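Subject: Two-chain model, handed over with notes

Hello,

Here is the model I promised to pass on. Please look it over before our next call; my notes follow below it.

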Amino acid sequence: MDSKTALLKKYKRRQRLVTVLPFVALAVLFAVLCLTVQAKGYRLPMYLKILLNEGVVLAIVATGATFIYTLGSFDISLGASTLFSATVGVMVYNATGNFGLMLLAIFGVAIGCSLLSSVLASVFHIPVFVTTVAMMSVLSAVAAQIITANGGALGGISIPAEVVRPFDVMWFKILVLTVFFAVCMFLFDYTKLGRRQKFLGGNPVCAKLTGIDLNKYAILAFIMAGIGVGIGAFLTLVYTPSVTTGTAGSIGMNILVAIVFGGMPISGGPRSKIYAAVVGGFSYIILNNILKILIDSNAGYGISQIVSAVFFLAVVYVTGMNYRSQLLPR
Amino acid sequence: MKAPILQMKNIHKRFSSTIALDGVDLDAFPGEICGLIGENGSGKSTISSIAAGMQKADEGEMFFRGEPWSPVSMIDALEKGIGMIVQESGTISGISVAENLFLAEVKKFRKGPVVDREEMNRQADLALDAIGASDIRGNMPMSALDFQARKLVEIAKVVMKDPDVLVVDETSTALSHEGRNILYDVMRRFREEDKAVLFISHDLDEIMDVCDTLTVLRDGNLIRTFSKEEFNPDAIRMSMIGRELKGDYYRSDFIPSSLDEIALKGEDLSIPGELDGVDLTLRKGEIVGIGGLSHCGMHTLGKVLFGAIRPESGRVVTGDGSEIRDEGSSMKHNIGYVAKDRDTESLNLTASIRDNIAIAGLDRYAVSGFLLTAGNEKKYVDKQIADLSIKCSDRDQAVQQLSGGNKQKVVFGKWIGRGSDILILDCPTRGVDIGVKRDMYRLMSDMKKQGKAILIISEELPELIGMSDRLIIMKDGRITKEFTRSESLSDADVINYMI
């Protein structure tokens, strides 16, 4: 074997390593969680239930958001959208008693909020990040106003638990995640939509000169994210049939961390991976739960945040490893 | 014989699986312009970038004025005496020309807590005047400048530091006639001041005209150094590609020909300050060349014809009367566009060869118009890689790892793969070696024979004269002259209408 072939093999091995690393990290974190729970004498099934309930919502919203992140954009308002959609859903159910209308309202509001961000960005040429920051403020404020006016900030507003109880079963939540992920994966990896979005994220100028309509694909990305938010808002209500001003508050930032944990480049583009949202979402939730168990005090919260941040930086470094070595002057 | 200013001994460099330099020795002597020539990927840019501090050698020694030389960065190298003008864009668009020129030295202009922008602009103007680029001013936003003007800013940025060795890496291909003259003047000034120039170019005529010596690299090895009296085009070409390559690469016929059918028509196209009532007809089976100085409007015209820029008045229509309104409608009518600024406008550098070729042809191989299967895609991409002889490890190799010529082949593959009937090529052979150039000219001739229409926009007159059925010359946004293909047509006939 000549040196050229050996080097090429080494390069490809490293590429494969970077690809499988998020899966390995997920498996290792899961094993650590199981060991930690058992070592502390807690009930593992209870933790697995918490993990699935939190993880499914984060993974679904993050999967939809991957379409936006692939474009190299960033939506910080997804948590506020989830809160606002769930709030409107509760209000509609309480006003009509109709479950179907509630669902319609949740998805209508979620997709509508996403569309508004993208249309504002594409029509008025405002950076997407700016529109989503504005949306986050507006949606949080309006949701808080509705919640406090109708039930008080602490107690929140709620729907009768029996309305959503039939859906509060693990198989249903996993099924919803599986179906949504499968649809997104199909669109992302096997259709023109996903391929063009990845290309657009890598070089918008070149994409435009290859006939790709920037606005159209930005709007489609936000619609996908809106659907994810809608499902996330519904599952949030299924888990706890009440909405407070703190509901889904941290989802916006958690999505960013989750997607990066899953091995997706923060700049989007052709190396974006749809599975990053699910793998990273669950990794992040597991890591948080491990840290909560290990550092069980108020002071520990800060330490957990620091550990998460270090983990985040390490993942960004490793996922970017191959890319950096390719920046060659030729 | 004078002692060399720069000595590079036994330089080795590897990139992943590629051996870029395999023990190269190179000297730069005072009062000498040394040409570096070789095919894409031969190691020219790598050796010069090592000298200029852009990257480190894996092995080998360097000496600058007799002292060991190991710059930590390009800025460090420039401060200490070796400056390099890079092949692709080396400027930042969001800031002014002056800020680009004094990027690492803004503190020089500090007056208390504020920066004295007036003084910075004045110094920038002086630097630009010193190279003869007085139409560019320090207070201009970089984004307002075209590709050539940005290159001139880069030249000024390096020259104002007064280095002892100037490295010019394939810069002239980004420049028009006037821009090249500015660059040549700078290089000659360096020679007169007993300094050294390393000049990398693919243009053999240019390099033979400007240089005192010529070093040929091939596959990371130094093949031969020619002195001025040894310059012989065939011998140099043979050293470059390792086999005999004689005669013309252009079309051998001198009879203009085309089909009667119109492929694309621009009617009264105007954009204030750029195009002024341009009418142009491109027929099937025809190659039309457009030449002129850099600011003549020809690059804008290419974008307008592709629908990337909307004209203020006038319209672009295809042979069947359909109007071209944007890039999408161009692609629907099988029009392809190869941009001058390859790395920014024609390629997605972070993507693979496969992604770049496939993206324009998704509708060609998608099952039922939407489903992309790996099998169809591989077949589609592999055909382009094979047909265009793209040198790569596999289809999934990142485009940024390829040499300039192979990158350009990927761009061609992108448009040819989808079966474009009309190709608009803006400087298609910029920064590519003679072997790739020859392949591209052959490809154009074959496409013409198949009845396809080609518009070449170029700053290389021999290329335009050698390939075009009709040659259109533009000046100040207008068409000033049209030549028909003929054996007697020469550069001298054309230049008068450009200036």
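In chain A, helix H11(A) meets helix H12(A) through Asn254(A), Val257(A), Ala258(A), Ile259(A), Val260(A) and Phe261(A) on one side. Ala276(A), Ala277(A), Gly280(A), Gly281(A), Ser283(A) and Tyr284(A) face them from H12(A). Contact here means C-beta atoms, placed from the backbone, within 7 Å. Helices (H or I, at least four residues) and strands (E, at least two) are DSSP runs, numbered from the N terminus. The residues of this contact divide into eight nonpolar, four polar and no charged. The classes are as follows: Ala, Val, Leu, Ile, Met, Phe, Trp, Tyr, Cys and Pro are nonpolar; Asp, Glu, Lys and Arg are charged; the others, Gly among them, are polar.

Before going on, the ground rules. This is a predicted model, where local features need pLDDT of at least 70, side-chain atom pairs count only at pLDDT 80 or more, and totals for chains, interfaces and linings use all residues. Residues are numbered from 1 along each chain as its sequence is written, while chains are lettered from A and ligands numbered from 1 in the order in which they are written.

Back to that pair. The axes of H11(A) (residues 251–261) and H12(A) (residues 275–294) come within 6 Å and cross at roughly 110 degrees. Axes are lines fitted to C-alpha atoms, for helices over the stretch in contact, and angles run from 0 to 180 degrees between N-to-C directions. The two helices are therefore roughly perpendicular (65 to 115 degrees; under 35 is roughly parallel, over 145 roughly antiparallel, the rest oblique).

Also in chain A, helix H2(A) (residues 44–70) has a kink of about 35 degrees centred on Gly64(A). The bend is the angle between axes fitted to the seven residues ending at a residue and the seven starting there. Just after H2(A), Gly72(A) has a positive phi of about 85 degrees.

Now the interface. 26 residues of chain A are in contact with 36 residues of chain B. On the chain A side, helices H1 (3–40), H8 (192–202) and H9 (204–208) each supply at least two residues. That side divides into twelve nonpolar, seven polar and seven charged residues.

Chain B has an open sheet of six strands, in the order E6-E9-E10-E3-E11-E12, with mixed pairing. Strands pair if DSSP finds at least two bridges between them. E6 (82–85) and E12 (221–227) are the edge strands. The twist averages 20 degrees from one strand to the next. E9(B) (residues 165–169) and E10(B) (residues 196–200) run parallel, joined by five bridges. Val165(B) has Ala196(B) as its bridge partner.

Helix H5(B) packs on this sheet and touches E6 and E9. Its direction makes about 180 degrees with that of E6(B). The axes of H5(B) (residues 147–159) and H6(B) (residues 177–192) come within 11 Å and cross at roughly 10 degrees. That makes the two helices roughly parallel.

A further open sheet in chain B has three strands, E14-E13-E16, with antiparallel pairing. Its edge strands are E14 (275–283) and E16 (313–318). The twist averages 5 degrees from one strand to the next. E13(B) (residues 262–271) and E16(B) pair over five bridges. Helix H9(B) (residues 298–306) lies across E13, E14 and E16, at about 120 degrees to E13(B).

Best wishes

Definitions and conventions:
Two residues are in contact if their C-beta atoms, placed from the backbone, lie within 7 Å.
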